[in-house]
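This report describes the fold and chain contacts of the structure shown below.

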Amino acid sequence: MKIPLSYNLRNLAVRRTTTIMTAFGIGLTVAVLAASMSLTAGLREAFRASGHPLQLILMREGSGAELSSQVSRESFNEVIRYRPGIAKLKSGEPAASLELVNTINLPSKESPDGMNLTNRGILPEGVAMREDFTMVRGRWFEFGKREVVVGSDVASRYPDAGLGRTIRFGRGEWLVVGVFDTPFPARKSEVIGDANQMLQDFQRGSLFSSVLVRAEDEVAMQALTNSLSAEQRLQLDVLTEREYYERQSSSGNLIQYVGTFVAIIMAVGSMFAAMNTMYAAVARRSKEIGTLRVLGFSRRSILTSFFIESMILAVLGGVAGLLLVLPLNGLTTGIGADATFAEIAFQLRVTPEVALTSMIFALIVGAAGGLLPAFGAARKQILTALRDM
Amino acid sequence: MRFLPLIFKNALRNRRRSFLTISSLALSICLLGVLTALYAALFHSSPPPGQELRLVTRHKVSITNVMPTWYKERIRAVPGVKEVIIWQWFGGWYKTEERDRQYFFPRMAAEADRLFAVYPEWEIPEDQKRAFQADQTGCIVGADLAKAQGFKIGDRINIRGSFFPVNLELTVRGIYHSPHESDSLWFQFKYLEQGFESLGWPNFAGTFTMLAESPEAIPGIIRAVDAMFANAEAPTKTETEYAFGLSFLAFLGNVKMILLSICGAVTFTILLVAANTMAMSVRERVREVGVLKTLGFTQEKILGILLGESMAISLIGAGIGLVMAQGLCVMLRQAPPIVQQTKTLTIEPAVLAILIGVSLLLGVASCIVPAWSAARTSILDALRFTD
């Protein structure tokens, strides 16, 4: 026969203070874990969602990131641009964009001393390939002018980079003429302008950084990858856009390691605390346990009942922890991408996965803390239990 | 003081509970200790001897943006600058192109003729120094690195370029010992310049490292150098080598805030755990308090005994926790360093004092409410009290 659940609930309610304190202790532990996980989840999501499924990034072999790669205009025009398998733009030109990537430094709200941002120079094909961009304010930059457009994350986090402001980088000033939004999070942290203007400013000669290519379909994408990687004249690394961005999310790993480490140590601590609470509960209810046994409840049902009580405590803790981190959901913050020395803004995400892991974590703490006391309760002899003070 | 034995007896009365509480406290204090030590090492420490006179000038944007090499002579002319060299981070791949921690170590190009003047604290035999300076493709490695990778003098090391498309074939000519950083490889800047020439690239420098004549000269040098290039093609940022090392932390996000909020969460958790236990053990003893009162113990004495017990428990927990924290610090020193500060991580006396203070405060805070109400209960109520 099972002891009704309401018995446990009422007990927890009677010992309100203890219940709240124990649950809150577990909650804080869960919160640390959930916060660090939501950070990496957000970062991963930002990068994962940033790749177009049919697009490839071409970089110099071994360079690892666009920033350290070089591709010359000549090799782009002669070897890459007119390759079969590349999709066509509306204008009939191939969807291949030669791009220039640099980092620039602007003071942000969080770090007034300046934070690094990715600055990208593109040509008309580059604009055409960015159909996902919508100009929320202003307009696209004009070629031949010292104008730039900035991502919505840049506009909101960097006061100097708002619409109509001029920002200084390279050899002079650039007018911000537009703010764009895009469903690809990593692109929202960029400052984009005319590549030819920027080449001069950064003294690059005719050396661009990378090439973005869109394949006609998946078969063509595979063929392009093979033929471009094998191209002796170029020595290029060919990555799908998704692969490229996923690699960048590794900068959040350290935070996740530290967060998990801290959470595990804290969890052992909270487990001891939960154990303490449950032992006290068992000790105080000694007579009750005896009575229950006299009434005919088996040892097993007493064991289950106390174990369940500890699990309820853990669930309360898990919920409290998640409630604590919930305000972090959607909070925008920036992190330096390790390969680019530039900041990428992303949003913390308390995903269902994060919530589930945190709850499981809380339940493990509750189970580990409740098991021994529950055994203790079940083992009590009826007579001694009834005689207990 | 007379009551010390009583306090200890009380603390040991429910051994299982005291053990659990102390373990829980010890773990939390251990964590708090490591985090505070890390915080202190990162944000409140001063440069180790030998480093305090060194400054680094880089492009204002980042070390991946470069500066013209002629800056060097202009910097040398700044009053207070004793010596300056070009220092270029190289990166590249050693053995594998995966991000493999095992083969990851800093690789730098520097001007060999003056390198040792800017790093006077390095110990390296004179003949090795000369052999390195005489060999354009020579390199020197730090003692820790040599040990980790098994490098010996005369070994060949091949590095594939990543950021710079230049492949290096180096020969180990010397092994240096440094009191704070011995895990880098240094090779001749001339060798790298040759690589750039064959690519048709102009000469440039990633950073300039300089030695100041005295600590007093440092602020002046920083101002003078940055002002000199403020409107040049490549504006600069000059900072101490120590601050330069720390600036890489910024890429991990807001480390300061992350550390502080974790510390806050841990402290609060300890408070909850300790308060919970003390409340439990005080409640159990209300009747006993009544007996003590009939024996003539005053309110204050009873309060003192209860507070003493709570403080004793948290002190024991703190003691164990701090020993574990120091152990963890020693382990963290072995981990691959992100910044050199973690390599000498230890619980400083100041951190120790703060943590003991915190644990005493926690002891008082966790117990004051239940102890106060127990001490104030009248004798009759206390004796009548059933739990």
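Predicted model: local features only at pLDDT ≥ 70, side-chain atom pairs only at ≥ 80, totals over all residues.

Residues are numbered from 1 along each chain as its sequence is written, and chains are lettered from A and ligands numbered from 1 in the order in which they are written.

**Chain B overall**

Chain B holds 14 helices and ten strands, where helices (H or I, at least four residues) and strands (E, at least two) are DSSP runs numbered from the N terminus. Its radius of gyration is 30 Å, well over the 21 Å that the globule rule gives for 387 residues, so chain B is more spread out than a compact globule. That radius is taken over C-alpha atoms, and the globule rule is 2.2 Å times the number of residues to the power 0.38. Along the principal axes, the C-alpha atoms of chain B fill a box of roughly 95 × 45 × 35 Å. Of the 387 residues in chain B, 41% are buried (20 or more other C-beta atoms within 10 Å of a residue's own; exposed means 12 or fewer, partly exposed in between, with C-beta atoms placed from the backbone). Among contacts (C-beta atoms, placed from the backbone, within 7 Å) between residues at least 6 apart in sequence, 81% join residues at least 24 apart in chain B.

**Sheet and helices of chain B**

An open sheet of ten strands in chain B has the order β3-β6-β7-β5-β8-β4-β2-β9-β1-β10, with mixed pairing; two strands pair if DSSP finds at least two bridges between them. The edge strands, each pairing on one side only, are β3 (93-94) and β10 of chain B. β3(B) is joined to β6(B) (residues 156-160) by two bridges in the antiparallel sense, and Trp93(B) stands opposite Arg160(B). Helix α7(B) (residues 189-199) packs on the sheet, touching β2, β4, β7 and β8 of chain B, and makes about 60° with the direction of β8(B). Helix α5(B) (residues 126-134) lies across β5 and β7 of chain B, at about 160° to β7(B). These angles run from 0 to 180 degrees between N-to-C directions, with axes fitted to C-alpha atoms, for helices over the stretch in contact.

In helix α8(B) (residues 218-228), the buried residues are Ile221(B), Ile222(B) and Val225(B). They fall within an arc of 100° seen down the axis, so they line one face of the helix; the arc is that of the directions from the helix axis to the C-beta atoms. On the other side of α8(B), Pro219(B), Arg223(B) and Ala227(B) are exposed.

**Strand β1 of chain A**

In β1(A) (residues 55-60), six of six residues are buried.

| Partner of β1(A) | Residues | Bridges |
|---|---|---|
| β11(A) | 210-214 | four bridges |
| β12(A) | 236-240 | five bridges |

Leu58(A) stands opposite Val211(A) in β11(A), while Met59(A) has Asp237(A) as its bridge partner in β12(A).

**Contact between the chains**

In all, 44 residues of chain A are in contact with 40 residues of chain B. The elements giving two or more residues to the side of chain A that touches chain B are α2, β3, α9 and β13 of chain A. Of these, α9(A) gives the most, with 16 residues.

Technical notes: Contact = placed C-beta atoms within 7 Å.
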